[in-house]
Amino acid sequence: MGLLDFLTGNDKAAKECSQKDCHPKMFCYQCEMSMPEGCGAHGQEIGTCGKTATKSRLQDIMVFGLKGLAAYREHARELLDMNPNSEDLKTLIEVDDTMSETLYFTLTNVNFNFDEHIAQLMKVGQAGVKVMDLLSSNHTKALGVPTPVTVTQNKAEGKGILISGHNLDMLEKLLKRIEERGLADKINVYTHSEMLPAHGYPALRKFKNLKGNIGKAWFDQTDVFSKWNGTCVVNTNCIVPPEKSKKVANYVDRLYTYKIVGIEGAKKIENDNFDPLIDQTLSLPDVTGFDSDETLVTGHHYETILTLAPQILEAINSGKIKRFWVIAGCDAPGHGRDYFRELAEKVPADHVIITSSCGKFRFNDIDFGTVPGTDIPRYLDLGQCNDSNGAVHIALAVADALGVGVNDLPVSIALMWMEQKAVIILLALLSLGINDIYIGAKAPQFVNDDIYNFLHEQFNLNVISDIEKDFGKELAE
Ligand code: SF4
Ligand code: SF4
């Protein structure tokens, strides 16, 4: 099923959707000229001001991209606060300028030019490239360059704190405070979801009480947290409010939030004071019920992979590596993501899988081994969603060494998208001119035929359908 099939109603979900009239041509209610209940709410294809459905949706994509950009910008600024320098601050100002300019662009009666809408979207993408590079470099400046590590999965003991989110800085501060209080042999700290890559960073893994990983992607929080006897922390998106699931024991009295994250009834960690969290953890029973022998591998930051560049180039030139696959992105509940596990399972032994973000939990339990005849791992986990820039750095370095364009490399890209961080990552890739990307599990609701046709023609962007149809040729190489 392609996006056009979905949008033109040639699949079951689209038919159900059209029966419920849930696909307005556009929706905008931002100014006083709005039609009753919003321009487009009753099927209009053009707003009172003359904004078309396509331009309305392009402006929506800009705003969604800005939301993802804002999240990365905030994480980057937190790190910069600790280590300010003029070059990084200049980058931050450039990103902020793009944010304000783009918001201005979406104001009523500012711009009705299609090409300029696309150009503005690419500007947002370029800001995404900058901010991901900034975040990545500040993570490595603060915590060192990650190296591969095998960690326990679903195995825990003693008093435990379980942390979900993306904020590595918070994790370091907590570990330092536990150590300062002389409690490192009494409290163990575990990661969940997008915190898994923490184990690869030298400044974090040196803490012996940073033990292992529990659970998978963000949306198993209610299940995992309710079974966890210790305390839990959610330090960024993606969170699941405990009350959403009445079936599981409520753990809100053991739940802490950090900075912008908020949950009714949970305790906020104020001004980096981790003592209430530590004290409650000490008062709770030891963690039980997590005694698996599974392990996971993480820590293949792009800077580490680039140190393997000579071996990788030799393997490409000698035919030992035939293709790279970027199978990455955001995991989400619902149907359709089995596709990505099936794809990873079908990738031949002389192909390498590069991943990032929480979508990796769809297949990171598989032991992919090494490329035959080499020591190069077949599974490379670049890190969190913001570390997706690493795939670009690797591709550019390999393309440069081989003297070819990045779109001429033997690379296939299948991305899961969930929310607005994925939107800014996709815009970043498009702004770099990277083609032939497949996205899924399903088509975004904010794209219409015009936009899809444009992206398909310009970038060969596709929505996943059937593995054989999408990638049969590449899998047969
Ligand atoms: S900006 Fe245009 S499309 Fe939006 S509510 Fe106003 S008149 Fe309608
Ligand atoms: S990778 Fe995406 S879906 Fe997963 S936790 Fe991060 S932002 Fe959320």
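Start at ligand 1. Its shell is made of Cys28, Tyr29, Gln30, Cys31, Met33, Ser34, Cys39, Gly47, Thr48, Cys49, Lys51 and Thr108. By class, the residues of this shell are 6 nonpolar, 5 polar and 1 charged. Keep in mind that this is a predicted model.

Next, turn to the helices. Two packed helices are described by the angle between their axes and the distance between the axes. Take helix H3 (residues 53–82) and helix H14 (residues 420–431). They pack at an angle of about 100°, and their axes are 7 Å apart. H3 and H14 are therefore roughly perpendicular to each other. Which residues of H3 and H14 make the contact? From H3 come Ile61, Phe64, Gly65, Lys67, Gly68, Leu69 and Ala71. From H14 come Gln420, Lys421, Val423, Ile424 and Leu427. In the contact of H3 with H14, 7 residues are nonpolar, 3 polar and 2 charged.

H14 also packs with helix H5 (residues 114–143). Here the angle is about 105°, with the axes 7 Å apart. H5 and H14 are therefore roughly perpendicular to each other. On the H5 side, look for Leu121, Met122, Val124, Gly125, Gln126, Gly128, Val129 and Met132. They meet Ile424, Ile425, Leu427, Ala428, Leu430 and Ser431 of H14. The contact of H5 with H14 holds 10 nonpolar and 4 polar residues, and no charged residues.

Look at one pairing in detail. Strand S1 (residues 149–153) and strand S4 (residues 210–213) run parallel, joined by 2 bridges. Gln153 stands opposite Asn213 in S4.

Of its 6 residues, 6 are buried, so S12 is largely enclosed by the rest of the structure. In a regular strand the side chains alternate between the two faces of the sheet. In S12, Val411, Ile413 and Leu415 point one way. Ser412, Ala414 and Met416 point the other way. All of these are buried.

What does S12 pair with? One partner is strand S9 (residues 323–329), which runs parallel to S12 and is joined to it by 6 bridges. Gly329 has Met416 in S12 as its bridge partner. Another partner is strand S13 (residues 437–440), which pairs with S12 in the parallel sense over 4 bridges. There, Leu415 has Ile439 in S13 as its bridge partner.

You will find Ile312 in helix H11 (residues 309–317). Is Ile312 buried or exposed? Ile312 has 23 C-beta neighbours inside 10 Å, and a residue counts as buried at 20 or more, so Ile312 is buried. Leaving out residues up to four places away in sequence, Ile312 touches Ile321, Ile376 and Val398. Ile312 and Val398 are 86 residues apart along the chain, yet their C-alpha atoms are separated by 8.5 Å.

Notes: Residues are numbered from 1 along each chain as its sequence is written. Chains are lettered from A and ligands numbered from 1 in the order in which they are written. This is a predicted model: local features need pLDDT of at least 70, side-chain atom pairs count only at pLDDT 80 or more; totals for chains, interfaces and linings use all residues. Two strands pair if DSSP finds at least two bridges between them. Axes are lines fitted to C-alpha atoms, for helices over the stretch in contact, and angles run from 0 to 180 degrees between N-to-C directions. Angles under 35 degrees count as roughly parallel, over 145 as roughly antiparallel, 65 to 115 as roughly perpendicular and the rest as oblique. Two residues are in contact if their C-beta atoms, placed from the backbone, lie within 7 Å. Ala, Val, Leu, Ile, Met, Phe, Trp, Tyr, Cys and Pro count as nonpolar, Asp, Glu, Lys and Arg as charged, and the others, Gly among them, as polar. A residue is near a molecule or strand if its C-beta atom, placed from the backbone, lies within 6 Å of it. A residue is buried if 20 or more other C-beta atoms lie within 10 Å of its own, exposed if 12 or fewer, and partly exposed in between; C-beta atoms are placed from the backbone.
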